[in-house]
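Dear colleague,

Please find below the structure that I promised to pass on to you.

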Amino acid sequence: MQTHNKTKAHAQQIKPNVTPFSPSHTLRVGLHPPISTINLHPSLFPASHPSSPPPNMALTSLLSFFIAVTLLIRGLSAQLAGEQDFYWQNLQTQQQHKLQARTDCRVERLTAQEPTIRFESEAGLTEFWDRNNQQFECAGVAAVRNVIQPRGLLLPHYNNAPQLLYVVRGIIFDREGIQGTVIPGCAETFERDTQPRQDRRRRFMDRHQKVRQFRQGDILALPAGLTLWFYNNGGEPLVTVALLDTGNAANQLDQKFRHFFLAGNPQGGRQSYFGRPEMEKQQGGTNNIFNGFDDEILADAFGVDVQTARRLKGQNDLRGRIVRAERFDIVLPVKKKRRKDEPARADVYNPRGGRITSLNSQSLPILSWLRLSAEKGVLYRNGLVAPHWNLNAHSIIYITRGSGRFQVVGHTGRSVFDGVVREGQLIIVPQNYVVAKRASEDEGLEWISFKTNDNAMTSQLAGRLSAIRAMPEEVVMTAFQVSRDEARRLKYNREETRVFSSTSRYRPRSSRPMSNMPKPFEYALDVIKAMM
């Protein structure tokens, strides 16, 4: 969700830097006009008879060629200078993220974690992962999960860090969730009549900023400091999970995650602690930001009486941070839009293994501002994601459905994680650590991966685009002490890119049990979605 004009301008500014290089592109983005628009003054050439060729034609052609080469060189220089400026700016931002995150990390063992703090509200619940955990501190991130019941409203609030929010489940077809983002300085571009029908003589037009719709499978990019609210307009619970980049340069205080509520009492509901309750309880209760102001100040600022100003503080509000909104008359036209995780839009698709869909700053420009990206993965039963590592980002993986086995190996060659991950768990894979994923044999595996770089890149260890395949045979033979035939099998036995089918050396296709085959229903559903 792109919410700032400055972001659009920035995205337009960096667009040539991510476009494949070509000479025609260089001329198009150069600071000088095309060669065809340059007019040479007549005094530069002596007059000649109209019927005879100009005596200085060779000089004219040479001069035109010289001008063209000069413009081309200057255009190339501007292009390269822009690319270098963007590269160093991006590197500096990543360095800032590194310095703000914890730097004395020794990752010896990773764990698949579940939320440790729960706040139950009138119309839902909010769960936090342990923000004091070393894995979160080293990655410089925090995570939160919200479950909003039908007709539930997550009260207006803002955070101190940018976030990527994924809609895990809830609203699918006929109805959609409603989300509002208040952008400072923008006008109220929408208005509607809120007067009851029986009293149309006193019309009142309510004006507000744009509200947006979302549904299951959507990803919302939300900058730091903007006021947010969410409403479940569907008929079943709405589940969202969000990653907050507390190590981002936008968070200039410290690495702690902070949320600031504009209404209600965030801790008015029931609280449950798992793991380390004593540290959380020492922080004391919190209230909304109006609670710390004097009644008279608020009354004077809003131009209301003192009694109304007191209601802003929510001191006796026990509904929590997600409240029931029975009167919610905002009706938006239902827009037909394509699901982001359908097979036709996948970046990597293997009909026997699964698919992976990436979202980065090239497809959503606002992510270049947030310095975040995401990846949605679906593995069919017993499908495999080739061992790979992230070149320039940490990967925070949330399991949205099913179960599977993860293996993570560090720089010492030792396994730091080898276990089963299940729906609702979260695991952090540090930058450059190698990870392999295999779905379970009975239900498959789905996940959403948040990454701390707007253009995160991966490198494979196996498959058609792997590091092993890119090496000469002699290098593979010498490095692994294998024969030439074995080196060729290592390089060319797998033609898939990232997602592999369940076929393996120790389980030939002819003798593979039918229970390990991807579900026929998944095949049929993928074909139907691709055709639609």
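This is a predicted model, in which local features need pLDDT of at least 70 and side-chain atom pairs count only at pLDDT 80 or more, while totals for chains, interfaces and linings use all residues. Residues are numbered from 1 along each chain as its sequence is written, and side-chain values use heavy atoms, with hydrogens and water left out.

R118 is partly exposed, at a relative accessible area of 27%, where partly exposed lies between buried (under 20% relative accessible area) and exposed (over 50%), computed with a 1.4 Å probe and protein chains only. R118 forms a salt bridge with E127, their closest N and O atoms being 2.7 Å apart; the term stands for a side-chain nitrogen of Lys or Arg within 4 Å of a carboxyl oxygen of Asp or Glu. E127, at 6% relative accessibility, counts as buried. By this rule there are 19 salt bridges.

Another one joins K451 and E375, with 3.6 Å between the closest N and O atoms. This pair links distant parts of the chain, since K451 belongs to strand 24 (residues 445-451) and E375 to strand 18 (residues 373-379), 76 residues apart; strands are DSSP runs (E, at least two residues), numbered from the N terminus. Both partners are buried, K451 at 4% relative accessibility and E375 at 5%.

D418 forms a salt bridge with R405, the closest N and O atoms being 2.9 Å apart. Here D418 is partly exposed at 40%, and R405 is likewise partly exposed at 42%.

Best wishes

Conventions
Helix = DSSP H or I, 4+ residues; strand = E, 2+ residues; numbered from the N terminus.
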